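Please keep the structure in view while reading.

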Amino acid sequence: FPVTIPTSTIDNFNSEVQALQTWQYVVKDTDETKNSTTTLANDTVLVKTIQGGEVWRMQLRVLLTAANDTMDYKFALNYSGSTNAVYCKARYVAAGGTTETILSQSSLIGSTSVTAATSGFAYVDIDILLDANTGGTFGFQWAQDSSDAGNLTVLKGSYLASTLAALPPL
């Protein structure tokens, strides 16, 4: 016999359903700086835990500043689990640059070097669909491309937005 349970009696039902149906944002509230390092590593904030069988649509808007044109910068996407499919589109501009580069591929974006025109502002915008086979951590990675004592900074206000595109089967 079917049993009916009123949704009002389930703790957090409305907020849990809403969280699955809307975009969730993780926003950097402080600047993060790297200097004298070329090792790509996950940003301390722009990461997301994903369960196996989930399909996520994510958007990243990463704002950077470079102290000089010697360091340049590089970025990549990382996922510690395995995927069934990935679709990525990235747009980025070098520090002090005016020309946007567009990259589209059906895999995670690997190490991508961006040569600066001068010091100053840069950005990376990424749109991604990730179909997770196994659970893991998704992360935006970044570093200087050439080791330099000057600061490469990901600015507060940079964010990772995500929405669940499909639930795993029960």
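Predicted model: local features only at pLDDT ≥ 70, side-chain atom pairs only at ≥ 80, totals over all residues.

**Strand S12 and its partners**

Strand S12 spans residues 159-166 and pairs with strand S1, residues 24-27. The two are antiparallel and share four bridges. Within this pairing, Val 26 lies opposite Leu 160 of S12.

S12 also pairs with strand S4, residues 55-66. Here seven bridges form, again in the antiparallel sense. Met 58 has Ser 162 of S12 as its bridge partner. In a regular strand, side chains alternate between the two faces of the sheet.

**Two loop residues**

Gly 52 sits in the loop between strand S3 (41-50) and S4. Glu 100 belongs to the loop between strand S6 (83-93) and strand S7 (101-105).

| Pair | Separation in sequence | C-alpha separation |
|---|---|---|
| Gly 52 and Thr 134 | 82 residues | 3.9 Å |
| Glu 100 and Val 124 | 24 residues | 9.5 Å |

**Surroundings of Glu 100**

Which residues does Glu 100 contact, leaving aside neighbours within four places in sequence? They are Arg 91, Tyr 92 and Tyr 123. With Tyr 123, the Glu 100 side chain makes a side-chain polar contact at 2.5 Å.

Key:
Residues numbered from 1 in each chain as written. Heavy atoms only, no water. Pairing = 2+ DSSP bridges. Contact = heavy atoms within 4.5 Å. Polar contact = N/O pair within 3.5 Å; in protein donor to acceptor, adjacent residues only side chain to side chain.
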